[in-house]
Amino acid sequence: MTLAVPLTRAEDGALRVTGTRIPIDRIVHAFLHGQTAEQFCQDFPTVTLSDVHAVIAYYLQNRDLVDEYLRLREHEAATLRERIEGDFPVEELRERLVKRRAELKAHSDALR
C-alpha cells in the first residue's frame, strides 16, 4: 500500500503541506530537534496529525532527496538575505531609525 504524500509545490518553489502554508522545512526541522508530531500540531493547528506523520515518513524514506532540497532552500534564503542587506545596509538603516526617533522625540517635546 502506497500512501500519498500531502505536499504541494507552491509558486515560490517551496514544498508545503497541501492546503496549508506549512513548509516541509518546518516539519523536518522540528522532527530533527526532537519535537513530536503531536507537539507540532499543537503549535500549528492548520496541519493534521496524519499529514505530519506522512511528511516525516516521506522524509525518512527520502532523506538524501529532502536534505538536498533543504540545502538548496537554505542557500536561496542566504542569497536573498545577502542581496537585501546589500540594498539596505543594516548599520545605515539603524542610524537612520535612531536619528528619526530622536527627531520625533524632539518634535513631541516641543509640543508640550
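1. In this predicted model, Glu76 and Arg73 form a salt bridge whose closest N and O atoms are 3.5 Å apart, the term standing for a side-chain nitrogen of Lys or Arg within 4 Å of a carboxyl oxygen of Asp or Glu. The two residues both belong to helix H4 and lie 3 residues apart, about one turn of the helix; helices (H or I, at least four residues) and strands (E, at least two) are DSSP runs numbered from the N terminus. Glu76 is partly exposed at 38% relative accessibility, where buried means under 20% relative accessible area, exposed over 50%, and partly exposed in between (1.4 Å probe, protein chains only).

2. On conventions, residues are numbered from 1 along each chain as its sequence is written, and side-chain values use heavy atoms, with hydrogens and water left out. Because the model is predicted, local features need pLDDT of at least 70 and side-chain atom pairs count only at pLDDT 80 or more, while totals for chains, interfaces and linings use all residues.

3. Helix H4, which covers residues 63-87, also holds Glu68 and Arg71, 3 residues apart and so separated by about one helical turn. Their side chains meet in a salt bridge (3.1 Å, N to O), and both partners are partly exposed, Glu68 at 45% relative accessibility and Arg71 at 48%.

4. In helix H5 (residues 90-111), Glu103 and Arg100 are likewise 3 residues apart, about one helical turn, and form a salt bridge with the closest N and O atoms 3.8 Å apart. Glu103 has a relative accessible area of 39% and Arg100 one of 46%, and a search of the whole structure finds 5 salt bridges.

5. Leu80, Ile84 and Phe88 make a nonpolar surface patch of about 290 Å²; patches are made of residues with over 30% relative accessible area and no salt bridge, like charges being joined within 9 Å and nonpolar side chains (Val, Leu, Ile, Met, Phe, Trp, Tyr) within 5 Å. Leu80 lies in helix H4 and is partly exposed, with a relative accessible area of 39%.

6. Beyond its neighbours within four places in sequence, Ile24 is in contact (heavy atoms within 4.5 Å) with residues including Leu7, Val55 and Tyr69.

Note on methods: Areas by Shrake-Rupley, 256 points an atom, 1.4 Å probe, with all protein chains shown as cover.
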